[in-house]
Amino acid sequence: MHDDTHEPQYAELIERHAKVVRGAIRRALGPRHADLGEDVEQELKLALWKRVQGGKRIEHPVSYLYRAAMTTAWAVLKRQPALGGEVDAERAAYQDTAAESRIRVREILGGLPAEQARALRAYLAGFNHAEVAALYGWTESVARHRIYRGLDALRRRFVEEGAR
């Protein structure tokens, strides 16, 4: 028996956050493995469908979908027979160089005013000013202001810490 009760929620998640999902997949795969993007997206959609159909609520869809897209992309890459060792080496190098920056960004975001941090997180996830405004019910000028102020604070902190 086919259960259609969760289809609207699933369809809205996919449609509303397609840009974040595709951006995360592109970032995880890189230009060398971009041809696997459709496979990753299909696998992610299946996993999301199972989660939604199982009645599990997704509290923060942008964060959840971003992480799920990255994880799914790495899983698909790892299953590629010719890429196994190469992917592990690339992933380790990426994690070593980017982990410290990601931690610093998270710390800086934690120190920003809540609305500014929300705007900046959405912007860094791939949303433009208009999309951020629509997402949070702000005007475009408010969204743009919060994003620019957040980016400015982020830059200042990185420069203060000697990272560029």
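1. The largest pocket in this predicted model holds about 1,200 Å³ of space. Its lining is made up of 30 residues, and those closest to the centre are Val62, Ser63, Tyr66, Arg121 and Ala125.

2. At least two lining residues come from each of α1 (7-16), α4 (61-79), α5, α6 (114-124) and α7 (129-136). The most is given by α5, which supplies eight residues. Sorted by class, the lining of the largest pocket has 15 nonpolar residues, nine charged and six polar.

3. Confidence should be read alongside the pocket. Over the protein chain the mean pLDDT is 78, with 81% of residues at 70 or more. The lowest confidence falls in α5, where the mean is 63, while helix α8 (residues 140-160) has the highest, at 89. Note that α5 is also the helix that gives the most to the lining of the largest pocket.

4. Where does Ile108 sit, and is this residue buried or exposed? Ile108 belongs to helix α5, which covers residues 84-110. Its relative accessibility is 1%, under the 20% cut-off, and Ile108 therefore counts as buried.

5. Which residues does Ile108 touch, leaving aside those up to four places away in sequence? The contacts are Ala153, Leu154, Arg157 and Phe158. For one of these, Arg157, the C-alpha atom is separated from that of Ile108 by 7.4 Å, although the two residues are 49 apart along the chain.

6. On α6, the buried residues are Gln116, Ala117, Ala119, Leu120 and Ala122. After α6 comes Gly126, which has a positive phi near 115°. This helix is also among those that supply at least two residues to the lining of the largest pocket.

7. Helix α3 spans residues 37-53, 17 residues in total. From its first C-alpha to its last, α3 reaches 24 Å, close to the 24 Å expected at 1.5 Å a residue. Buried positions in α3 are Gly37, Val40, Glu41, Leu44, Leu48, Trp49 and Val52. The charged residue Glu41 is thus listed with the buried ones. Just after α3, Gly55 adopts a positive phi of about 85°.

Methods: Residues are numbered from 1 along each chain as its sequence is written. This is a predicted model: local features need pLDDT of at least 70, side-chain atom pairs count only at pLDDT 80 or more; totals for chains, interfaces and linings use all residues. Side-chain values use heavy atoms; hydrogens and water are left out. Helices (H or I, at least four residues) and strands (E, at least two) are DSSP runs, numbered from the N terminus. Buried means under 20% relative accessible area, exposed over 50%, partly exposed in between (1.4 Å probe, protein chains only). Contact means heavy atoms within 4.5 Å. On a 1 Å grid over the protein atoms alone, a cavity is a set of points where a 1.4 Å probe fits but cannot get out, and a pocket is an open set with protein on both sides within 12 Å along at least five of seven lines; lining residues have an atom within 4 Å of a point. Grid points are joined across faces, edges and corners, and a volume is the space filled by probe spheres set on the points. pLDDT is the predictor's confidence in each residue, from 0 to 100. The expected span of a helix is 1.5 Å times one less than its number of residues.
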